Amino acid sequence: MAAVKTADVVTATAAAVLSSALLSYLLLSGHGFKLPWRRDRGNSRRHKSRGKRNGLVGAVGNTPLIRINSLSDATGCEILGKAEFLNPGGSVKDRVAVKIIEEALDSGGLMPGGIVTEGSAGSTAISLATIAPAYGCRCHVVIPDDVAIEKSQILEALGATVERVRPVSIAHKDHYVNVARRRALEAANRAAIPREADKIKGIDLLQMNGHTPKQTEGHPCSADNKGGFFADQFENLANFRAHYEWTGPEIWEQTQGKLHAFVAAAGTGGTIAGISQFLKGKNPNIKCFLIDPPGSGLFNKITRGVMYTKEEAEGRRLKNPFDTITEGIGINRLTKNFMMAELDGAYRGTDREAVEMSRFLLKNDGLFLGSSSAMNCVGAVRLARSLGPGHTIVTILCDSGMRHLSKFCNARYLADHGLTPTAIGLEFLDRP
């Protein structure tokens, strides 16, 4: 992919990103297809009220549910977006960060002063780096080196240690998730070594996959740490519980239970799983759908029972993320979180649809959204057209466009990939 020189512009905006979400928050302060792994709702943890939290953490959640006027007027449905970009860390992943850290502290898996490690394409990493200091912890993040550069700049500005690695298959030992898991183990082992014998064998193991991370205070192998905890957002069911116990109930209360459908994309699967299971527990007739980006196998799993198409077969995949400009959504494996989802069907979205939708919403609604949010809105329109006028549909506005400046929101990058937006209205959704 062509490199885009935007570092100067992005650096100037990095600090603004961190404050804009918090400022905006203060200002705006069944029948159908069933997944084969559908869980017995009776075995799920019952919804419990979220306890009072102070400080920054207390500002997470209770985000507005806003009417997306242009899409509602165009479809005759009430299309509502849960404005998760107004969380303090700027995304829906703030909820997951809070839940993961609190459960880890409660269980003793994480100690105050410890290091939270995670492999992330951006949003979860930023949320963990934002939230961890509020609990007296630090953050070490491993990210693919082809994600938007502003994400690593934001992470560094937040004080996290950032380790960038080349994209490889999840089966490879140097996949960013696997590296993050090792970093947590290294931190735990390091904390167990007496300081007088404070030397780590095999320090050259830190050089891997073409990158050598800096030895900073927050690094898992620095002398100053109190152990490590691997957040494991893909498999840690605290992710699911954050949305089952928190986001889902908010949506139910904000709509007074008067909604007909929910649609969202999936990366880890926690958002769509937690919300879908909670809503269907309240009303089994609520339809829950997935919108899936190019290269992801979830659409095929839901609609055909297989995880791949001929073009997406494992032997032909060269890297991860997949062949899409959207970030943070799409996957070619079943996570524990996604397996908790209760879905009625799925739609396939395209990169062009996501790009065109983002520009349409900016022009008509003043909504400056990231790639996953735009894809969710593509799904909302598809679902509205399928159900017909008069229905209420909810989706997630995951994050803003502020952390997508160098790629998804960059005109030159889009032109290089043949994705320059040209639509006037929603006609891009009518294309074959």
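The backbone oxygen of Cys 77 sits 3.5 Å from a polar side-chain atom of Ser 72. This is a predicted model, in which local features need pLDDT of at least 70 and side-chain atom pairs count only at pLDDT 80 or more, while totals for chains, interfaces and linings use all residues. Residues are numbered from 1 along each chain as its sequence is written, and side-chain values use heavy atoms, with hydrogens and water left out.

Ser 72 belongs to helix α2. Thr 392 belongs to strand β10. Helices (H or I, at least four residues) and strands (E, at least two) are DSSP runs, numbered from the N terminus.

Contact means heavy atoms within 4.5 Å. Leaving aside neighbours within four places in sequence, Ser 72 touches Arg 67, Cys 77, Glu 78 and Ile 79. With that same exclusion, the contacts of Thr 392 include Glu 78, Leu 80 and His 260. The C-alpha atoms of Thr 392 and Phe 262 are 8.7 Å apart, though 130 residues separate them along the chain.

**Helices α3 and α4**

Helix α3 (residues 93-107) packs on helix α4 (residues 123-131) at about 55°, with axes 8 Å apart. Axes are lines fitted to C-alpha atoms over the stretch in contact, and angles run from 0 to 180 degrees between N-to-C directions. The contact is made by Lys 93, Asp 94, Ala 97, Val 98 and Ile 101 of α3 with Ser 123, Thr 124, Ser 127, Leu 128 and Ile 131 of α4.

How values were computed. Polar contact = N/O pair within 3.5 Å; in protein donor to acceptor, adjacent residues only side chain to side chain.
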